[in-house]
Structures are given as structure tokens and as C-alpha cells.
Amino acid sequence: KEDLLSVRKLTDFARALKIDNWSYRVNDVKSSWLMEVADAFNLAAERFERKQNELRQVIDLVPGFIYAKDTSGKIVLANKAFAAFLNKIPQEIVGCHVDEFDSVSFLKKSPFEDDDNDNDLLKSISEEECEKDGNHFVYLVFRSPLFGTDKRRLANLVFAYDITTMKEIQNNLQTLNISLEARVKEEVAKNIEKDKELIRAKEKFIRNAVHEINTALTVITLNAEYLIKDYGVNRSTSAILGGAKSLSSAYGDLSYFTLKDSSTFQKESSVDVSELIIERIEFFRDIAGLSDITLACQIKPGALFTANEAKLTRLIDNNLSNAIKYSHPQKTIFIRFTSDESDNWILEFESIGKKIEDKSKIFELYTREDGIKGGHGVGLSMVKEICDDQGIVIELDTEGNRNIFRYRFSKNC
């Protein structure tokens, strides 16, 4: 009889897990041979629940909205900021359908949610507006899929950051610029310094905006790495860490595009390019791992260049990101950095994917070779701009489904 009651308790525990009730515990097991099993189940549930609580603390540190919904629209994850916007607590909205909350209808469904063939980490960035309690708000919204180890989409992650104040500052600056245009015609000499101050203020505004959002990504990345270090890799932390790193790389591109003419992107210094390449490869390993892609490298050490480190970083990052995005899953991307007899250095990125049909257009702005994949077609355009500026020669080889991007440059670039 005791054995039968114990088995029933274990069965109830299993049923609780099927509905994600990890707070359930197996109590009062009388059967001696099942006590150890019950203790193991309770310990596993306690560890999982503790890990989930730690992950919740991480996402609750983020000042913006974070929530995830499964493929049917059911909310499976929500942080405090998102719940507070709905005047609720996270436990009250998890399990509800997102359409039940009219106040977040501005976070409209993105077309990527219906695309089952694409597993890019960052799918869309958009600005969305809403009215709440008589106030107008503007949010910068990021959307990204979360995949399981079997490549099946588990949920869609949405991160919304309030940029209302930033937009107001930007609009005020635009209004002020329009007003100044009329005055400049009459008082050109008098307004030259004011115009320079406005340009500096605009650069500072963009720099601060990028920094604030990147700070939130850094919080996610560091805490996800902490959880992985202490409790091992799991599906949730890997997806969050990879997504945060993908966003961080995208923000690097944004910084370059908006501030490339400033003094920050014009400085040159002595750069250990070998170490820089290794550092960027390690950064992208988590992103590649989500598609079971391996990064293999052969890096010759000791390449000291007099160069612009920010531009070299953008060149390396965009080639790694492009290779991961268009590589077939479960393949290896090879990165090689060697020198020839003339002391000319060669950097190669080799991947297995769809053959590039039009080599002449692949580096043009807003051109994407594969119409199914995501992105905006600006990464390789940026790479070409940097290579033209630094005197780096670009070569592109395709052999069947093997694509090799090769860059030849001297130590002074």
C-alpha cells in the first residue's frame, strides 16, 4: 500500500511538471525504496526553480519591456517593467494571450513570426508609438526568435525600450535646425559657432542613446554568462546570451554609421590585429552555436598594425556575422590570418552555404544575395567602404557552395 501511494505521489509530480508547475514537491513518501527517488526529484525541482528565479532577477534589471510569447501568442515570460505597464505582476499575465491586453496592441505582430525557415537572431527593429493615461510614448522595439536544440521555434522574444525623451530631444533639435536655417541666411558669420555646437549636441545625443541601450544589453550578457558559469548551459541562457551579443554587434554598426565622421572613428594607433581577430571570434561563438555552427581559426600571431581599431573591428564583425547568417547549419566556418613572402597580410572567411551568384553587387548598399535571409544589406557595404578608405584589396571566391571572402592589406592600413 505504501509503495502504491508513493507511486501515485510521483505520478502527481510528473503531471505538475507537464504544466510547468515546478513549485510542486513530493511529500510524505513512505516507501523506503522510493524515498531516494522522491528526494532526487525534489532537489532537481528546487534547483530549477532557483535558477529560474535568478534568470528573472536578470531580466527584471532591464529598464525596458521584455516578454516572450509562444507561437500561438501565449505569454510565457514577462519582466516586471512589462507587467507594471499593464498594472499587473508577471505571475498574472504569464499564460495569458497577448491579445487580451489592448494597451500593448502597439507592439504589433511582425512578419518574421510566420517565417519558420529563417533562424536569424535579430529579426526586426522598429519604432512604435502608443497613448497611455493621456500621455504619448515612443518605444524602440526589437524582435527575435528563440529556438530549441532541435531548431524548432519555441517562442518570439520582444524587447521594447522607452525612447520618448530621446525622440523629444531629437524633434526639438530638428525644429531648432529648421529655425536656424532661416537665420543663417542673414547672419552666417554670427551663427557658425552655434551650428557647430548643434552638430556636437546631435553627436552626443546619438552616442548617449546608443550607450544607454547597449548598457541594458551588457547587463543581460554579463548575467547570462554568470548563470552559464555557475549552472551550465541551457536553452534559455544560450538564447539570451546569443541574442544580446547579436544586438551588441548591430549597435556597433549603428555607432559606426552615425559617428564615423567624428574624431572617435578617425584615430589610428598600434593594434595587435591577431589578438583582435581572436577576440572577435570568441565573441561570436555563442551566436554561431545557436545554429550548431563551429568557428575554426588559424591565426598567425604578432601582427602589429598602425590602424583604426574601430574600423578593423567592424570589418571583422560584419564578415563573421555574414558568414554565420548565410552558412548552412552544423557546418564549420574557417577564419585564417596569414602573411605572404612580401609581408602582405591576408584575412580569409570561408563558409559553406548558398553560392553567391552576383559577385559584382554583393558589396552594394541594401543588396542581399539570399532573399530569404534577414538583415538590411548594409554590412558588406560598410566593409567595402572601410576597405576603400584603408587601401585593403577585396577578393571573393566561390567554389560550388563554398564561399571565401579574402582581404589583402599591409601593416599600415
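In this predicted model, the backbone oxygen of glutamate 309 lies 2.8 Å from a polar atom of the side chain of threonine 313. Threonine 313 belongs to helix α9, where helices are DSSP runs of H or I with at least four residues, numbered from the N terminus. With a relative accessible area of 13%, threonine 313 is buried, a term for values under 20% with a 1.4 Å probe, protein chains only. Apart from neighbours within four places in sequence, threonine 313 is in contact (heavy atoms within 4.5 Å) with Leu276 and Arg280.

Helix α9, residues 309-326, also packs against helix α10, residues 379-390: their axes come within 9 Å and cross at roughly 145°. Axes here are lines fitted to C-alpha atoms over the stretch in contact, and angles run from 0 to 180 degrees between N-to-C directions. On the side of α9, the residues that meet α10 include Lys311, Arg314 and Leu315; among their counterparts in α10 are Leu380, Met382, Val383 and Ile386.

The protein chain as a whole has 10 helices and 12 strands, strands being DSSP runs of E with at least two residues. Of its 413 residues, 44% are buried. Among contacts between residues at least 6 apart in sequence, 60% join residues at least 24 apart.

Residues are numbered from 1 along each chain as its sequence is written, and side-chain values use heavy atoms, with hydrogens and water left out. Local features need pLDDT of at least 70 and side-chain atom pairs count only at pLDDT 80 or more, whereas totals for chains, interfaces and linings use all residues.

Conventions. Buried < 20%, exposed > 50% of the residue type's maximum accessible area, 1.4 Å probe, protein only. Polar contact = N/O pair within 3.5 Å; in protein donor to acceptor, adjacent residues only side chain to side chain.
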